Amino acid sequence: ITLRPQGLLSVIQKLKGSPEQELRIVLLGLDNAGKTTLLKCLASEEVSTITPTQGFNIKSVHSHGLKLNVWDIGGQRSIRPYWRKYLGSTALLIYVIDSADQKRFEETGQELAEVTEEEALTGVPLLVFANKQDLVTAAAAAEIAEGLSLHTYRDREWQIQACSALSGEGVQTGLSCRSLSHGQPPSSLDSPKGSTGP
Ligand SMILES: Nc1nc2c(ncn2[C@@H]2O[C@H](COP(=O)(O)OP(=O)(O)OP(=O)(O)O)[C@@H](O)[C@H]2O)c(=O)[nH]1
Ligand SMILES: [Mg+2]
């Protein structure tokens, strides 16, 4: 009988009586992308009165039998240099994009490319939320994936999900997929705008 590492881990955890596994998730993205709105949406909180984040917010969300400690870091240009201080022990990187902010697609792509180069994020799965799909000017997730050259991210699992943090549509779908499971191969892009967005 061969025991797979995951099986072994779960046995050890049961022996320790550990009730719930904790995972650290970091939310990054440009200012105004919708990170704090997404955080509040995940915590089932009111999303109507949100102001730009000067530092960071943390919330613990219970989901899929896991305790998710979600860190939402401010995305204003002056704060971005501090992103790297928050990357340790990250189980999942969620990168949020304002799908209607076409003018800044290049900028957000550069920031993503830069931060994923950080050693602390080596091999950490990436979930990109193509947010604000409720806006008529929103670009499709497939278009954004192409703009970000996500297909060149080969050293980690990644996934893009169309969503609206405002309405909540697509948010749970994004979290329930591969991003929270372990050991599955990345799949090709299969969620163009409309199939999972509003
Ligand atoms: N239409 C629409 N607006 C959204 C959505 N998500 C967020 N917004 C709005 O976008 C604005 C910025 O949202 P925030 O959640 O503050 O953005 P952020 O990424 O946390 O910004 P920083 O804290 O500056 O980094 C707010 O006015 C939100 O109401 C969405 O899905 N659809
Ligand atoms: Mg914020």
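Q: Where is Thr-53 found?
A: Thr-53 is in the loop between H2 and S2. Those labels are DSSP runs numbered from the N terminus, with helices being H or I of at least four residues and strands E of at least two.

Q: What kind of model is this, and how are things numbered?
A: This is a predicted model, where local features need pLDDT of at least 70, side-chain atom pairs count only at pLDDT 80 or more, and totals for chains, interfaces and linings use all residues. Residues are numbered from 1 along each chain as its sequence is written, while chains are lettered from A and ligands numbered from 1 in the order in which they are written.

Q: Back to Thr-53: buried, exposed or partly exposed?
A: Thr-53 counts as partly exposed because it has 18 C-beta neighbours inside 10 Å. The scale goes by other C-beta atoms within 10 Å, placed from the backbone: 20 or more is buried, 12 or fewer is exposed, and in between is partly exposed.

Q: What is Thr-53 in contact with?
A: Setting aside neighbours within four places in sequence, Thr-53 is in contact with Thr-36, Asp-72 and Gly-74. Contact here means backbone-placed C-beta atoms within 7 Å.

Q: Which residues does UniProt list for "binding site"?
A: The unreviewed UniProt entry lists Thr-36 and Thr-53 under that name. They are spread over 18 residues of sequence but cluster in space, with a largest C-alpha distance of 7.6 Å. One caveat is that such annotations may be inferred rather than shown by experiment; feature names are shortened, and positions follow the numbering used here.

Q: And Thr-36, buried or exposed?
A: Thr-36 has 23 other C-beta atoms within 10 Å, so it is buried. Thr-36 belongs to helix H2, and beyond four places in sequence it contacts Ile-50, Thr-53, Asn-57 and Asp-72.

Q: How many residues surround ligand 1?
A: There are 22, and the closest are Asp-31, Gly-34, Thr-36, Thr-53 and Gly-75. A residue makes that list if its backbone-placed C-beta atom lies within 6 Å of the molecule.

Q: Which helix gives the most to that shell?
A: Helix H2, residues 35-42, gives the most, with 3 residues.

Q: What's the shell's make-up by class?
A: Around ligand 1 there are 7 nonpolar, 11 polar and 4 charged residues. Nonpolar is Ala, Val, Leu, Ile, Met, Phe, Trp, Tyr, Cys and Pro; charged is Asp, Glu, Lys and Arg; the others, Gly among them, are polar.

Q: How many residues of H2 are buried?
A: H2 is mostly covered, with 7 of its 8 residues buried. The cover over those buried residues includes S1, S2, S3, S4, S5 and helix H5 (171-176).

Q: Switching to strands: what pairs with S3?
A: S1 (residues 21-28) pairs with S3 in the parallel sense over 7 bridges, and Ile-25 stands opposite Val-70 there. S2 (residues 56-63) pairs with S3 in the antiparallel sense over 8 bridges, with Ser-60 opposite Asn-69. Pairing takes at least two DSSP bridges between the strands.

Q: Which residue in the hairpin of S2 and S3 takes a positive phi?
A: That's His-64, near 55 degrees, and the hairpin has 2 residues between its strands.

Q: What about Lys-132, buried or exposed?
A: Lys-132 is buried, because 25 other C-beta atoms lie within 10 Å. Its phi is positive too, near 65 degrees, and it is in the loop between strand S5 (126-131) and helix H4 (141-147).

Q: Last topic: how many residues are in the largest nonpolar core?
A: The core has 38, and those with the most contacts inside it are Leu-27, Tyr-95, Val-128, Phe-129 and Ala-130. At least two residues come from each of S1, H2, S3, S4, helix H3 (105-116), S5, H4 and strand S6 (158-162). A core is a set of buried Ala, Val, Leu, Ile, Met, Phe, Trp, Tyr and Cys residues joined through C-beta atoms within 7 Å.

Q: What does Ala-130 touch?
A: Not counting residues up to four places away, its partners include Ile-97, Ala-141, Ile-144, Ile-160 and Cys-163.

How values were computed. Two residues are in contact if their C-beta atoms, placed from the backbone, lie within 7 Å.
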